[in-house]
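Subject: Structure handover

Hello,

Here is the structure I said I would pass on. My notes on what turned up in it follow below.

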Amino acid sequence: MYLLARTIGVRVSEFSTLDDLYPKSETKVSDITITDNCNLLESINNEENSYLNNILANLKNMNNNLKRVSSVLRTILINVNNIIYIKDVDQKYVLVSKAFLDNSSLSVDYISKGKSDLDFFPANEAAANTKEDEKIFASGEPVINAERHIPGSRKKKWGIFNKIPILDSEKKMKGLLCVIVDITDRKKQEKYSKILEYAISQSKTTIWVGKGIDLSNSPMLCKEVVYWRSSENSLLGNASEIEKNKYSDLRVKWFQSVSDKVKERLIKEKKKFKYPQTRFYLVTSPFNGNRVWIKERVFFDKDNETFVGLLTEDSDSLKLSFLSRIIESMSNIVVWSGYYDDGGEFYYTYLNNTLETTGYPAEDFLNGKISFDKLTLDAHKELFNYLQDDDRYPISFEFKIKDKMNHEHWLKGNFFKDNKFEESDFTTYFGYYIDVSEEKIS
């Protein structure tokens, strides 16, 4: 109906309920002098298109015929990466960028002037583009930052569309400028991010990202946790529970449950500032109260002062926990695992069933309040000197301890090591203690 009104020279409102067409210039953009009143990009305020504003500045200072303008524009449009085209009011192409021609698999020498959408795009996409441009010609309203597939790309490319009416000195329509920013790579990254999010949600790994370096005497590595992604069935707390808490508050609650000795170790490791780094610590879940051994692999991006952490429940501890429950049903055996820090101090990552043998709960050993070598009689203490000599593993020896009630027990210790602990900076040691007092008496 707009085309009919324009053809017969009447207003569309005279024979329909449609709004009148935006007034058209008596001359086309392809025929006239581009004056200092043209406003190709006055509606766009985007730093990514700053070079187009430079085009506009040049156009405003030109008062020559289109051939000269076209020469300058063509040079510019050959050297920009965005898809750009200019149409006149009859929807005939005036100028296009090299990226526009590349998108349509056409050479830079292809003559675009006078062509229509059907010369560049499949019929359905050409019709859709023509219809949208006709609305702009009819209303004078631009299209700003519309995100969709780029026509002619077989729906393989995504772009941000800006379509701006070109007006003459009397504010009448004489053409249209379209700028399409290719965002295909960004859309791919978004797709991969969604795949990664799904993969994380199906695993028991929690990922966090932190900004800024925390130099205080706190186990916290970063000033602010800006991202946290946990699986729905994570033992560290499911996603819906975590969303109700601030990430930083959650971390504070965790580290409040860490023993003072472990806090000192974590602060010491933090101040060494050596990454990637693997940290082990025992925390109390703020959601279910369970004590959980955490293995945290931390990476650091120096340029952006960004930390990335991968949190899992220590897999070795999980295995030993399951194994120890089976062993406990058969005999009184203490199962353990752990590692030595750089200073040669040993830290447990798992320990069970110590109360009956030593009189002390496993928590006291985990927090460093007591140790097996402290309970060992003086005559047998030298046996523990062999434990840091890796060449002697596996090690097995018997020694005598005094428990909390001052009762003596003979224990047999079996010690092993594993150098294949995934992504760890430490060699993992594990083993068990078994009470052999009855055998010694017999």
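Please keep in mind that this is a predicted model. I start with the aromatic rings, where the count comes to 28 aromatic pairs. One of them joins Tyr93 and Phe100: the ring centres are 5.5 Å apart and the planes meet at 50°, which lies between the 30 and 60 degree limits, so the pair is classed as tilted. Tyr93 and Phe100 are both buried.

A further tilted pair is made by Phe255 and Tyr281, with 5.4 Å from centre to centre and 45° between the planes. This pair links distant parts of the chain, as Phe255 belongs to helix H8 (residues 247–256) and Tyr281 to strand E8 (residues 277–284), 26 residues apart. Here too both residues, Phe255 and Tyr281, are buried.

Ring pairs also build a cluster, made up of Trp336, Phe346, Tyr348, Phe365, Phe372, Phe397, Phe399, Phe415 and Tyr433.

Next comes the sheet. Strands of a sheet pair through backbone hydrogen bonds, in either a parallel or an antiparallel way. In this model, five strands make an open sheet with antiparallel pairing, in the order E2-E1-E5-E4-E3. Strand E2 (93–96) and E3 are at the edges, each pairing on one side only. On average, neighbouring strands of this sheet are turned by 20° against each other, with direction ignored.

Going through the pairings:

- E1 with E5: strand E1 (residues 83–87) runs antiparallel to E5 and is joined to it by five bridges. Ile83 stands opposite Ile180 in E5.
- E5 with E4: nine bridges connect E4 to strand E5 (residues 173–182), again antiparallel. Ile164 has Leu177 of E5 opposite it.
- E4 with E3: five bridges hold strand E3 (residues 143–149) to E4, and the two run antiparallel. Arg148 has Gly159 in E4 as its bridge partner.

E4 and E5 also form a hairpin, with five residues between them. In that turn, Lys171 has a positive phi of about 65°.

How many residues of strand E4 (residues 158–167) are buried? Nine of its 10 residues are, so the strand is largely enclosed by the rest of the structure.

Helix H5 (residues 123–139) lies across E1, E2, E3, E4 and E5. Its direction is at about 130° to that of E5.

Two charged side chains sit over rings. Arg148, the bridge partner of Gly159, lies over the face of Phe161, at 4.2 Å from the ring centre. Lys187 has its charged end over the ring of Trp158, at 4.3 Å from the centre of that ring.

Last, the cysteines. A disulfide is a covalent bond between the sulfur atoms of two cysteines. The count in this model comes to zero disulfides. Are Cys178 and Cys222 buried or exposed? Cys178 has 0% relative accessibility, and the limit for buried is under 20%, so Cys178 counts as buried. Cys222 has 4% relative accessibility and therefore counts as buried as well.

That is the end of my notes.

Regards

Notes:
Residues numbered from 1 in each chain as written. Predicted model: local features only at pLDDT ≥ 70, side-chain atom pairs only at ≥ 80, totals over all residues. Heavy atoms only, no water. Buried < 20%, exposed > 50% of the residue type's maximum accessible area, 1.4 Å probe, protein only. Helix = DSSP H or I, 4+ residues; strand = E, 2+ residues; numbered from the N terminus. Pairing = 2+ DSSP bridges. Axes fitted to C-alpha atoms, helices over the stretch in contact; angles between N-to-C directions. Contact = heavy atoms within 4.5 Å. Phe/Tyr/Trp six-rings, centres within 6.5 Å; stacked < 30°, edge-to-face > 60°. Lys NZ or Arg CZ within 6 Å of the ring centre and 35° of its normal. Disulfide = S-S within 2.5 Å.
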